[in-house]
Amino acid sequence: MMEQYNYTAAERFMRYVQIDTQSDPLSNTHPTTEKQKELSKLLAGELKQIGIEDAHMDEWGYVYATISSNSNKQIPIICFCSHVDTAPDTSGAGVKPILHKNYLGEDIVLPDDENIVLRKSDFSYLDKLTGHDLITASGTTLLGADDKAGVAIIVDAANYLVQHPEIKHGTIKILFTPDEEVGKGTDKVDIKKLGADFAYTLDGGERGSLEDETFSADAVQINIHGVITHPGYGKGKLVNALKIAGEILAQLPKSELSPETTDGKEGFIHPTRVEGIAEKCMIDFLIRDFVTNGLTTKEALLKNIVELVVKKYPGASFDFKVTEQYRNMKEVLDQYSQVVQYAKEAINRSGLDVVMESIRGGTDGSRLSFMGLPCPNLFTGMHAIHSKKEFISVQDMNKAVETIVHLVRIWEEKSNSGSTTSIP
Ligand SMILES: [Zn+2]
């Protein structure tokens with residue numbers, strides 16, 4: 001049945017990427033850039049056209065839509081979510097998507113800048129794409145597969161489900177968010193209005209990949225207070241906060257516990273900003289780990305370094321403030337193991353092997369999970385994100401559409417008729 005479907009994810013995708021939706025980390029408005037609403041509005045209209053009557057964009061640029069259940073069973077309400085904005089790192093204005101049919105492993109030189117070349121030696125994943133149709137940008141912008149691929153996949157899956165009422169499913173919610181790339185993707189989301197029990201973001205990479213783990217994250221701010229006098233008469237009195245800050249930074253672990261020296265499941269302590277004058281100085285840190293008590297250990301280590309340094313300077317003092325940023329979604333997902341289990345099964349039914357990944361960062365999904373909406377991340381096929389070399393395979397995108405269709409079926413199959421199964 002799936003084989004006869006004329007997939008339209010790539011066609012949709014190539015239209016969406018031409019709309020500039022770059023978000024802005026320095027903006028205080030919601031959404032951070034008004035232009036994101038252009039795509040959101042278009043998406044609400046397209047979902048309506050498909051036949052989803054309640055599709056709409058709200059004042060913050062979020063798109064909500066509902067595909068009604070066509071089953072008699074009591075089935076948990078499942079939401080599919082992706083973000084419309086693109087990263088501030090690379091321009092997203094004037095994107096010219098290029099379709100490279102039947103990729104045979106050659107280097108791809110992008111036409112608008114011959115220095116931008118996609119090479120197999122840089123991207124080993126290209127080895128797995130022989131015979132696929134690839135989409136790239138033209139060399140001067142990012143492509144925006146992150147996350148317009150997710151958006152196109154969800155719209156195409158919605159279209160497929162509406163066209164194929166013989167496929168039984170429960171109520172399905174669709175959510176498109178702005179500002180994910182600047183960490184504000186869930187700021188204005190209305191969880192109650194959405195009314196879903198579980199969700200999946202489509203914001204992952206390699207086909208078959210499934211992410212159920214993210215970092216846990218805290219921010220630490222240290223304020224160092226020195227003692228200020230006229231420098232000409234500072235002997236024995238002046239204590240320079242800048243020098244204390246320098247000493248603290250010099251004592252941070254270098255060969256371990258830093259982003260430069262860790263990967264996989266290791267966490268780190270990462271200074272991101274120093275601001276100050278001789279009298280007082282502030283240092284900002286990111287603390288990351290996969291387990292919450294790993295954060296506590298790193299914060300204790302950092303505090304100990306600060307204490308030992310400051311102690312050497314009579315009259316100096318400091319304060320140390322920890323702010324929670326987000327938590328590993330696994331803490332929530334482990335309580336609802338079927339959410340990940342069914343996703344694995346859907347990936348398998350699409351003919352793919354499951355590739356379990358952990359994200360060394362956060363996602364909308366980690367925030368949603370702790371807002372009461374357990375939410376792992378599914379693949380879209382996107383690669384080299386946030387860069388001019390971003391690429392995606394049309395066939396991988398179609399596999400993601402197929403995975404969504406299998407997934408809603410599985411939720412229906414596994415639900416008992418007439419009984420409530422939303423919370424085990
Ligand atoms: Zn993304």
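Student: Which helix does Asp 147 lie in?

Tutor: Asp 147 lies in helix 3, residues 145-163. Helices (H or I, at least four residues) and strands (E, at least two) are DSSP runs, numbered from the N terminus. This is a predicted model: local features need pLDDT of at least 70, side-chain atom pairs count only at pLDDT 80 or more, and totals for chains, interfaces and linings use all residues. Residues are numbered from 1 along each chain as its sequence is written, and side-chain values use heavy atoms, with hydrogens and water left out.

Student: Is the peptide bond from Asp 146 to Asp 147 cis or trans?

Tutor: That bond is cis, with omega near 10°. Most peptide bonds are trans.

Student: What about the bond from His 30 to Pro 31?

Tutor: The bond from His 30 to Pro 31 is cis too, with omega near -10°.

Student: And where does Pro 31 lie?

Tutor: Pro 31 is in the loop that runs between helix 1 (9-16) and helix 2 (36-50).

Student: On to phi. What is the phi of Asp 179?

Tutor: Positive, about 65°, although Asp 179 is not a glycine. Most residues other than glycine have a negative phi.

Student: Where is Asp 179, and is Asp 179 buried or exposed?

Tutor: Asp 179 sits in the loop between strand 8 (172-177) and helix 4 (191-194). Asp 179 counts as buried because its relative accessibility is 1%. Buried means under 20% relative accessible area, exposed over 50%, partly exposed in between (1.4 Å probe, protein chains only).

Student: What about Leu 257 and its phi?

Tutor: Leu 257 also has a positive phi, about 60°, and is not a glycine. Its place is in the loop between helix 5 (241-250) and strand 12 (268-276). Leu 257 has 22% relative accessibility, so it counts as partly exposed.

Student: Switching topic. How many disulfides are there?

Tutor: The count is 0, where a disulfide is a pair of cysteine sulfur atoms within 2.5 Å. Cys 81 is in no disulfide: the nearest cysteine sulfur belongs to Cys 79, 5.6 Å away. For Cys 375, also in no disulfide, the nearest cysteine sulfur is that of Cys 81, at 5.9 Å.

Student: How buried are Cys 81 and Cys 375?

Tutor: Cys 81 has a relative accessible area of 1% and is buried. Cys 375 is buried at 0%.

Student: How many bridges link strand 11 and strand 14?

Tutor: Strand 11 (residues 216-225) pairs with strand 14 over 9 bridges, in the antiparallel sense. Val 220 stands opposite Val 322 in strand 14.

Student: Last one. Which residues lie nearest the centre of the largest pocket?

Tutor: Glu 180, Glu 181, Gly 361, Gly 362 and His 386, out of 34 lining residues. On a 1 Å grid over the protein atoms alone, a pocket is an open set of points where a 1.4 Å probe fits, with protein on both sides within 12 Å along at least five of seven lines; lining residues have an atom within 4 Å of a point.

Student: Which elements give two or more residues to that lining?

Tutor: Strand 9 (198-204), strand 10 (209-214), strand 13 (280-289), strand 14 (317-326), strand 15 (355-359) and helix 9 (364-370).

How values were computed: Pairing = 2+ DSSP bridges.
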